[in-house]
Amino acid sequence: MIHMSLMITDVLIIGAGAVGCAVARELSRYKLKVVVVDKEYDVAAGTSGRNSAVVHAGFNNKPGSLMARLCVEGNAGFETLCKELDVPYKKTGKFVVAFDEEDQKTLQIIYKQGLNNGCKGLRILDGEELKRRLPDVGGISAMESIDTAIFDPFLYTVALAENASCNGVLFRFGEEVKNIEKIEGKERERYSVTTDKRTYKARYVVNCAGVGSVRVAQMLGFNQYKLYPCRGEYLILDKIAEKFLQVPVYPAPKKGIGGLGVHLTPTIHGNIIIGPSAEYIEDGEDYSSTKLIIDKLFDEAKKLLPTLERKHIIGAYSGIRSKQAPPSEGGFHDFLIQEEPECKGFINLIGIESPGMTASMPIARMVCNIIGHSIDLNPNLSFNPIRKGILKFSDQNDEEKDRLIKINPEYGEVVCRCQNVTKAEICQAIENPLGVKSIASIKYRVWATTGRCNGGYCFARIAEILEKDYGINPEDITLRGKGSEYFIGRVK
Ligand SMILES: Cc1cc2nc3c(=O)[nH]c(=O)nc-3n(C[C@H](O)[C@H](O)[C@H](O)COP(=O)(O)OP(=O)(O)OC[C@H]3O[C@@H](n4cnc5c(N)ncnc54)[C@H](O)[C@@H]3O)c2cc1C
């Protein structure tokens, strides 16, 4: 008989996406024992690392909805949060472009909706002004949103988790929640949560499992929820495309489609992404990129930006929307965030689709308030909101580079040539506070392997550092945790 170890905690958070990590960071302000479990190798392995990376202003969401309120609130606090957590953020603004009369009517509707939702900085531009402001972009008029921004969604989630971890939260990766039972009687812990590694007894369970949240809810008998996974594919363009576009450009949204339409978004790292498509699929974790959609995305993007060329494409990825609205209906249902009345202490977060990144911190505050209704939340007096990220060597001036190399000669050794990432940065990524060591974990912390060569040069160097400097057996080096090993043995 196998005995699973037991861990007792006040709060167990299922899912280390942006929402679970924001909840963890928010709860770390209080004297509580908090554990986050995720079945994947690191944070942001689900939708939080697979989206448009836009801090939305909140004009797309239905007035009075949680989506609208939490998005506007999230947008207002995002810049300060990114400063506290040392996360790359840029207030670029955004243009929503009309191509015909119907689109122009839509612009008027979303403009008024935005004002109703409390969005600031919205303006309608005529065709002449659009041409002057964005000469490379097609369209006959546009709505400008000054408060829209771009950010790094990986580093945002990493930073929330690292800050939570430094403030006492425990993170456990590679653990899938398989079963949840209610503990009857007067015990303080009300739930027994079993993963494939151990059992947790927890007073509160927060279900932040994204597209897996319905399955988690079902473990306690909540069968009334349903999600319709809707895949959005993207293309990534090389940095040379940066000169074409410095601001996200979206088409006027069409009624009933599963998303906001194929848009062009500059990333905080200087690439452009094209997408997402919207395709309802069966398997909520099928992150394929398909030829059909790649071709479609490129054609759509050419309408917005006629100067684009296929040679600019360097990669593709996809994310899955956790849609509560069935395909027959399309559009959006509101976020579901609630403590289940018949299961006190069990908090479900279901259907957290876009704008879930933008709204993640207000969502976290909502969860804290729910918990605060049934216990006293005593402040953690040593809570520190500040987190320092890894210094980007390539952003420094020559004098500072010289100084850094004198202190640490590993700054003088470039490992990723496309993105100019040094060995010193790679080592800091390997020594991250969450203790994760996969190649993808290193990649997303310092952006190595993401250039035009797609890691062709630097992957072998990073593997060598893991082996020689950190004593990791090459057969244990993985892309994204167990099952994605790179090496199967030595040839000599
Ligand atoms: C195409 C697309 C574009 C988007 N663009 C934007 C945007 O520009 N701006 C914006 O604000 N929002 C955007 N969003 C929405 C945003 O990405 C999501 O709302 C957000 O990432 C949801 O975060 P989450 O933490 O709830 O889910 P996730 O990030 O998916 O995290 C859930 C986690 O739960 C884990 N998990 C699941 N089941 C289990 C289990 N049984 N046991 C243990 N762990 C489990 C998973 O491994 C995963 O890590 C977009 C979404 C998509 C799909």
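**View 1. The right-handed crossing of helices H10 and H11.** In this predicted model, H10 and H11 cross in a right-handed manner. Helix H10 comprises residues 423-430 and helix H11 residues 439-446, and the two pack with their axes 9 Å apart at an angle of about 120°. Angles of 65 to 115 degrees count as roughly perpendicular; H10 and H11 are therefore oblique to each other. On the side of H10, the contact involves Glu425, Ile426, Ala429 and Ile430, which meet Ile442, Arg445 and Val446 of H11. By class, 5 nonpolar and 2 charged residues take part in this contact of H10 with H11, and no polar ones.

**View 2. The packing of helix H1 against helix H5.** Helix H1 spans residues 18-27. The axes of H1 and helix H5 (residues 153-166) are 8 Å apart, and the angle between the helices is about 30°. Angles under 35 degrees count as roughly parallel, and H1 is therefore roughly parallel to H5. The crossing of H1 and H5 is left-handed. From H1, the residues Ala18, Cys21, Ala22, Ala24 and Arg25 meet Pro153, Tyr156, Thr157, Leu160, Ala161, Asn163 and Ala164 of H5. The contact of H1 with H5 has 9 nonpolar residues, 2 polar residues and 1 charged residue.

**View 3. The crossing of helices H2 and H8.** Helix H2 (residues 66-85) and helix H8 (residues 360-374) cross at roughly 110°, and their axes come within 7 Å. H2 is therefore roughly perpendicular to H8. In H2, the contact is made by Leu70, Glu73, Gly74, Gly77 and Leu81, and in H8 by Ser360, Met361, Pro362 and Ile363. Of the residues in this contact of H2 with H8, 5 are nonpolar, 3 are polar and 1 is charged.

**View 4. The shell around the ligand.** There are 40 residues around the ligand, of which Gly17, Gly46, Gly210, Gly212 and Gly356 come nearest. Helix H1 (18-27), strand E2 (34-38) and strand E18 (313-323) are the elements that each give two or more residues to this shell. By class, the shell around the ligand consists of 18 nonpolar, 16 polar and 6 charged residues. Both domain 1 (1-89 + 151-227 + 324-389) and domain 2 (90-150 + 228-321) contribute residues to the shell, so the ligand lies between these domains.

**View 5. The division of the chain into domains.** The chain is divided into domain 1, domain 2 and domain 3. Domain 1 is made up of the segments 1-89, 151-227 and 324-389, while domain 2 is made up of 90-150 and 228-321. Domain 3 covers residues 393-476. A distance of 32 Å separates the C-alpha centres of domain 2 and domain 3.

View 6. Most peptide bonds are trans. The peptide bond from glycine 275 to proline 276, however, is cis, and its omega is near 0°. Proline 276 is situated in the loop between strand E16 (272-275) and strand E17 (279-280). Serine 354 and proline 355 are also joined by a cis peptide bond, with omega about 10°. The loop that holds proline 355 runs between strand E20 (346-350) and H8.

**View 7. The positive phi of asparagine 420.** A negative phi is found in most residues other than glycine. Asparagine 420, in contrast, is a residue other than glycine with a positive phi, near 55°. Asparagine 420 is placed in the loop between strand E21 (414-416) and strand E22 (421-422).

Methods:
Residues numbered from 1 in each chain as written. Predicted model: local features only at pLDDT ≥ 70, side-chain atom pairs only at ≥ 80, totals over all residues. Near = placed C-beta within 6 Å. Helix = DSSP H or I, 4+ residues; strand = E, 2+ residues; numbered from the N terminus. Nonpolar A, V, L, I, M, F, W, Y, C, P; charged D, E, K, R; others polar. Domains from an automatic or database assignment. Axes fitted to C-alpha atoms, helices over the stretch in contact; angles between N-to-C directions. Parallel < 35°, antiparallel > 145°, perpendicular 65-115°, else oblique. Left-handed = near helix turned anticlockwise from the far one by under 90°. Contact = placed C-beta atoms within 7 Å.
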